[in-house]
Amino acid sequence: MKIPFNKVYLTNSEIAYIKTALESGHICGDGFYTKSVEFLIEERVQTEKVFMTTSGTHALEMAAMMIGLNPGDEVIMPSFTFPSTANAVMLRGAIPVFCEVEESHLSIDPNDILKKITRKTKAIIAVHYAGISCDMERIMKIAGDHKLFLIEDAAQGFNSQYRNRYLGSMGHLGCFSFHATKNYTGGEGGALLVNDKRLVKTAETIRNMGTNQSEFLRKEIDKYSWVGIGSKYVPSDILMAFLYAQLQEIDHITEKRRFIYDYYSYHLKKYVDQGIFQIPLIPADCRSNYHLFYLLFSHPQMRDQVLDELNMKEVEGVIHFVPLHSSPMGQKLGYRREDLPFTEQVGNSLLRLPVYNSITEEELDYVVKTLADILERKLNAGKLIRCYSSL
Ligand SMILES: *Cc1c(COP(=O)(O)O)cnc(C)c1O
């Protein structure tokens, strides 16, 4: 049996909605499906305004543009994230300042944020890893106390909650991704959530080439013109038709992924108890969208060996993230590996198991059995290092 890492899941409606979009003749941006998706997300996550974008990366770029970053400004973010989080800041000439993550959920560590605040700090980007929230109570307090903008990189976190509030709706701005590897997809796509009313107009202008075209389309003005710096982040209505089909099944998809999470957790608990690896734990005050499932080994060598053997048996595990601070670009910025030792260890010791909406119980069983075989053989040979005490 061959188990890929990811497989695109289709509902029954994508083609029908795309056909409707094509027949309507409106295939550029901000058509019926874009508006429908924006409305659906606004209703669900309870935010002031949602703007659909061409990607999660572009939502982050918009957010960085909107908070008026200037060259030399500093933005605190975890090193354990996707390069887009840092690129968004660097494209404005500002400086990403990398932080450690917390051991319990691998999201940004508030204690380290406090250590890295300087007079130049302008914002914090809180990345919600694996669809599980950061410690938002502390992070929101830090941002408030120090008068910093708070941007949530909730690219992996659509439909997850922290204390009954949806991820993406708590900072000044929030970003979602609907890339093909995320839970819900348009192939490519993203969304910017504007939670602060005062920023809505700025977002609208930046997203539409620095013009007041949106006001023109709403017939509020009789011609539109260039009013500021912007770009174009508007997705095609064809992609939004695809995404709309997926979002019709929000809860159904989350249920499917909960089953996967529960299956892996239950069948791998034995190894967690033995201290061989850690798995994602969902705190009592959080609800997850079960975006991904990882095994965090106590030693990089073990991760590498298990990964090789899994791949040999055609179970496609993957690694991520290469921490930004120790990547070639991070080194150009002056970071050394040892600056963030815990992040470095996580990047070298984490293995992701296949998770996709359409994975069957038979496939899950194959993944678990294959992994158990590998681990048992190593345990018998005395080759597994146990480091984590059982939780
Ligand atoms: C996927 C992801 C992004 C980028 O989203 P795209 O839609 O692929 O541009 C940004 N940040 C994080 C944490 C992500 O997981």
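The model is predicted. The ligand is surrounded by 14 residues, and the protein buries 95% of the 380 Å² that the ligand exposes when taken alone. The sheet consists of 3 strands with antiparallel pairing.

**Ligand shell**

- Among the 14 residues around the ligand, the closest are Gly56, Thr57, Asp153, Ser177 and Lys182.
- By class, the shell holds 8 polar, 4 nonpolar and 2 charged residues.
- Helix H3, which spans residues 56-66, supplies the largest share of the shell, with 3 residues.

**Polar atoms at the ligand**

- Threonine 57 places a polar side-chain atom 2.5 Å from an oxygen atom of the ligand.
- For glycine 56, the atom concerned is a backbone N or O, at 2.8 Å from a ligand oxygen atom.
- Lysine 182 has a polar side-chain atom 3.2 Å from an oxygen atom of the ligand.
- As for cover, the ligand taken alone exposes 380 Å², of which 95% is buried by the protein.

**Open sheet**

- The strand order is S7-S6-S11, and the pairing is antiparallel.
- Strand S7 (165-166) and strand S11 (286-287) form the edges, each pairing on one side only.
- Strand S6, residues 161-162, pairs with S7 in the antiparallel sense over 2 bridges.
- Tyrosine 162 has arginine 165, in S7, as its bridge partner.

Note on methods. Residues numbered from 1 in each chain as written. Predicted model: local features only at pLDDT ≥ 70, side-chain atom pairs only at ≥ 80, totals over all residues. Heavy atoms only, no water. Near = heavy atom within 4 Å. Polar contact = N/O pair within 3.5 Å; in protein donor to acceptor, adjacent residues only side chain to side chain. Areas by Shrake-Rupley, 256 points an atom, 1.4 Å probe, with all protein chains shown as cover. Helix = DSSP H or I, 4+ residues; strand = E, 2+ residues; numbered from the N terminus. Nonpolar A, V, L, I, M, F, W, Y, C, P; charged D, E, K, R; others polar. Pairing = 2+ DSSP bridges.
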